[in-house]
Amino acid sequence: MSNPTIAQTQSADSRAWMCNYLARKLGVTPEQVDTKKTFDSFGLDSAEAVRMVGDLEDFVGRKLSPSLPFKYPTIEALSQHLDAGKH
């Protein structure tokens with residue numbers, strides 16, 4: 001990503017999307033979701049992680065590998081990966 005402003009916006013957007021997704025699942029506010037905790041620490045099993053990636057694909061508008069939550073196990077790591085434009 002060559003434009004740092006766009007990269008920061010996308011990072012914030014994908015991070016906020018995942019915080020909202022997990023907040024709905026956990027019944028907490030998005031602010032209560034720790035972006036440095038692993039997805040499995042939120043009780044996300046492999047089927048739910050794949051479902052999350054499918055929903056995230058719709059949000060980011062591109063195809064994503066279902067293995068992303070396993071390679072990048074935190075919101076921070078996954079949003080940074082998405083910012084890099086990799087999938």
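Helices (DSSP runs of H or I, at least four residues) and strands (runs of E, at least two) are numbered from the N terminus.

**Figure 1. Overview of the predicted chain and its helices.** The chain holds four helices and zero strands, and from the N terminus on its elements run α-α-α-α. This is a predicted model, in which local features need pLDDT of at least 70 and side-chain atom pairs count only at pLDDT 80 or more, whereas totals for chains, interfaces and linings use all residues. Residues are numbered from 1 along each chain as its sequence is written, and side-chain values use heavy atoms, with hydrogens and water left out. Of the 87 residues of the chain, 36% count as buried, where buried means under 20% relative accessible area, exposed means over 50% and partly exposed lies in between (1.4 Å probe, protein chains only). The chain exposes about 5000 Å², of which carbon and sulfur atoms supply 51%; accessible areas come from the Shrake-Rupley method with a 1.4 Å probe, and for residues only the protein chains shown count as cover.

**Figure 2. Confidence along the chain.** The mean pLDDT of the chain (pLDDT being the predictor's confidence in each residue, from 0 to 100) is 86, and 84% of its residues reach 70 or more. Confidence is lowest in H1, at a mean of 77, and highest in helix H3 (residues 68-71), at 95. Over residues 1-8 the pLDDT is below 50, and this stretch has five contacts in the model beyond near neighbours in sequence, a contact meaning heavy atoms within 4.5 Å.

**Figure 3. The largest nonpolar core.** A nonpolar core is a set of buried Ala, Val, Leu, Ile, Met, Phe, Trp, Tyr and Cys residues joined through side-chain atoms within 4.5 Å. The largest such core has 19 residues, and those with the most contacts inside it are Met-18, Leu-22, Phe-39, Met-52 and Leu-78. The elements that give two or more residues to this core are H1, helix H2 (46-60) and helix H4 (75-83), and H1 gives the most, with six residues. Not counting residues up to four places away in sequence, Leu-22 touches Val-33, Phe-39, Phe-42, Leu-44 and Ile-75.

Figure 4. Rings of Phe, Tyr and Trp (its six-membered ring) pair if their centres lie within 6.5 Å, with planes under 30 degrees apart counted as stacked, over 60 as edge-to-face and the rest as tilted. A search of the whole structure finds two aromatic pairs. The rings of Trp-17 and Tyr-21 have their centres 5.1 Å apart and their planes at 25°, so this pair is stacked. Both residues, Trp-17 and Tyr-21, are buried, and ring pairs link Trp-17, Tyr-21 and Phe-59 into a cluster. Ser-14 also lies in helix H1 (residues 4-26) and, at 3% relative accessibility, counts as buried. Leaving out residues up to four places away in sequence, Ser-14 touches Phe-59, Ser-79, Leu-82 and Asp-83.

**Figure 5. Glu-76 and the covered helix H4.** H4 is mostly covered, with seven of its nine residues buried, among them Glu-76 and His-81. The side chain of Glu-76 makes a polar contact with the side chain of Thr-35 (2.9 Å); a polar contact is a pair of N or O atoms within 3.5 Å, and within protein one must be able to donate a hydrogen and the other to accept it, while residues adjacent in sequence count only if both atoms are side-chain atoms. Leaving aside its neighbours within four places in sequence, Glu-76 is in contact with Arg-15, Thr-35 and Lys-36.
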